[in-house]
Structures are given as structure tokens and as C-alpha cells.
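Good morning, and thank you for coming.

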Amino acid sequence: MIPPQFGYFAPSTVDEAVELLERYDGEAKVLAGGMSLIPILKLRLAEPVALVDISRLQDLSYIREEDGWLRIGATTIVNDLHDSDLVREKYPIFHDATSVIADPLVDNMGTVGGNVAHGDPANDLPACMLVLGAQLVAQGPKGSRTIPVREFFVDTFETALEDSEILTEVQVPAPRPRQGNAYMKIEKRAGDFSIAAVAANLVLNRNGTVEDAGIALTSVGPTSLYAEAASNHLAGASPDEATIGRAAELAEEIAEPVSDLRGPAEYKRAMVGVLTRRTLGKALARVGGG
Ligand SMILES: Cc1cc2nc3c(=O)[nH]c(=O)nc-3n(C[C@H](O)[C@H](O)[C@H](O)COP(=O)(O)OP(=O)(O)OC[C@H]3O[C@@H](n4cnc5c(N)ncnc54)[C@H](O)[C@@H]3O)c2cc1C
């Protein structure tokens, strides 16, 4: 299918990109890897007057640790996140997730910023960001602001970003001692969006009880869902089978799956429980580098 006509801009700075978005006053869209946006244009689900292509802004492509944060530039491609030794060693949840996102072709184009900014509840990186307590940096006409990720996902394909704001960086807190995390997904076929997926992060106290926990769900609600009650249930407890089992039940309770080609709603809800147990188990095994 052929997309509608649009103007095309390839700004060379973020400021220039923001100016263009402001000039078009909600009628322009940011183009990053185009892996989600181009199909939408071809299906004519959106008809922006102009596209502002930020994919060539090399200044926004980086992965580095600084001041207690992992900083990921918005135009970093998914494949670079997957191939990063730093990420594999210290942030294994991203290595898990990027191992199951799409295929090499898509991952060589799709960006980390696009995966988050798209607001698709089936995208895999948002749940990882939710459990790690990431924050997102947005630059707009009035300057730059930081948005906690748990306030970012408003509704399906709707985020806290304003029309003339660009997501420039994802900031993830550096790992604490005795922290482990993991991401697991069930898909119909390799490279597909998930039937359901779960992200989990655990930080243990010296005595083995849980200091802090996060659980988040993909593909079972209007947005990626942070499972607050399930996460809180773990905090302060011993991460034994009974506690993990109850957390899995609480995670199932907040899932809002719908029946579709990927399976019936009840199957998806049950998979949230199964994946929560398995992902917490994997996160626990990784505490202390296990
Ligand atoms: C066949 C296929 C399979 C896929 N499977 C998966 C999968 O299993 N898991 C998964 O997570 N994803 C999957 N994806 C989605 C893919 O990872 C997307 O490309 C990615 O989610 C969007 O990144 P992008 O850079 O291509 O963004 P684009 O398509 O360019 O943009 C997507 C949206 O985000 C906005 N946007 C992008 N970057 C910014 C920014 N920096 N600031 C503000 N707004 C921005 C755009 O305006 C647009 O609305 C799949 C895609 C395809 C085509």
C-alpha cells in the first residue's frame, strides 16, 4: 500500500527537529527507524503533513554509564543494545528482551527511543524500563524535562510526550548490589510480538529477603502494565515459592488481556502467572551474577 503524501525533513540537530515539530503544531511526526510508523502510514492509520527524520542524529546514538545511570540515546538501534557487552553483563534484562524483539532486519532499523515512544503495549522494552524505574528525557520548545517511566504510558499509542517534544534519552539506574532481572516472552512464532511477556527485577537485602522488586507485563493491557501489588507483595518478604506464587496471582489479576489471533484472554492471563513465576526465578538466579 502507498502512504499519503507528506513533507520530509532531515534536521541536523535536536533543536532544529523540535523547531520543525513546533512549526507544524501537531501535524508532523517524528520518524526514527520507521519500523512502526511506516506501516501505519501505509495503512493510512495516520496522515501527518510532515515527517521529521531524527534517525541521522548520531548525537543521540550511544550507550554509556555516567553519574549512576545507564544512558541510552534515543536513536540507538535495538541491535546495538543487544550487542553491548556492558548491557549483557550489567543489565541482562535488556539482553533478554532484545533477543526476542522482531528479527535482525527490524532490529537494525528500529530504535530504543521509538520502541518506547510508540506507546505500543506489545513492544518489549517498556516493561523492562518499568521494572528498572527508568526515566525518560524529553526535549521540547521550552527545554528539556525528565519523565519517570511509570508516568509515561498514558494509553494505547499515547504517551506523556507533547506533540513538539522529542524523546532524547532513556536513563536507567545503575545496578545495586544483589540485584537481578530478567524478561521472558511467549510468542506464536520467533520474531513475533508476544502472546504475553513479563519483566522482573529483584534487589535482595544481605539476609536474602527482598529489598525492592518490580514486575511489569507486556501485551495484556492497553499499555505496558506495572504490577504494583505484585511488586509490593515481594518487598520485605523471603523470595520463596509461596511468595512468588502469590505475586504471580496478583500479576494475573491486573492483566487485561483480550482474545485475538494470538490466543484467548484466559490463556494469556494464565501465561502471565506462569511467566511471572519463571521470570522471578531467573531474576533471583542472577542476583550476584548467578
Ligand atoms: C515485523 C515487525 C516485528 C516487530 N516485532 C516486535 C517485537 O517483537 N517486539 C517489539 O518490542 N517491537 C517489535 N516491533 C516494533 C519495532 O521494534 C519498532 O520499530 C519499534 O518499536 C519502533 O522503533 P522505530 O525507531 O522504528 O520508530 P518509528 O517507527 O520511527 O516511530 C514509532 C513512533 O514513535 C515515535 N517516535 C520514534 N522515536 C521518537 C522519539 N525519539 N521521540 C518522539 N517520538 C518518537 C514516532 O513519531 C512514531 O509515532 C516489530 C516491528 C516489525 C515491523
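Strand 1 and strand 3 (residues 50–53) pair in the parallel sense over 3 bridges. Two strands count as paired if DSSP finds at least two bridges between them. Helices (H or I, at least four residues) and strands (E, at least two) are DSSP runs, numbered from the N terminus.

Before going on, please note that this is a predicted model, in which local features need pLDDT of at least 70 and side-chain atom pairs count only at pLDDT 80 or more, while totals for chains, interfaces and linings use all residues. Residues are numbered from 1 along each chain as its sequence is written.

Within this pair of strands, F9 stands opposite V52 in strand 3. The pair belongs to an open sheet of 3 strands in the order 1-3-2, with parallel pairing. Strand 1 (7–9) and strand 2 (28–31) are its edge strands, each pairing on one side only. On average, neighbouring strands of this sheet are turned by 25° against each other, direction ignored.

What lies across these strands? Helix 1 (residues 14–24) lies across strand 1, strand 2 and strand 3, and runs at about 165° to strand 3. Axes here are lines fitted to C-alpha atoms, for helices over the stretch in contact, and angles run from 0 to 180 degrees between N-to-C directions. Contact between two residues requires C-beta atoms, placed from the backbone, within 7 Å.

**The hairpin**

Let us turn to another pair. Strand 6 (residues 135–140) and strand 7 run antiparallel and are joined by 6 bridges. They form a hairpin with 2 residues between them, and L136 stands opposite I147 in strand 7.

Is strand 7 buried or in the open? Of the 6 residues of strand 7 (residues 143–148), the number buried is 0, so this strand lies largely in the open. A residue is buried if 20 or more other C-beta atoms lie within 10 Å of its own, exposed if 12 or fewer, and partly exposed in between.

**A helix with buried residues**

Helix 5 (residues 92–99) has the buried residues I93, F94, D96, A97 and T98. These residues pack against several elements, among them helix 3 (78–83), helix 8 (125–132) and strand 12 (194–204).

**The domains**

Finally, the protein is divided into domain 1 (7–53), domain 2 (58–173) and domain 3 (179–285), with bounds from an automatic or database domain assignment. The C-alpha centres of domain 1 and domain 3 lie 35 Å apart.
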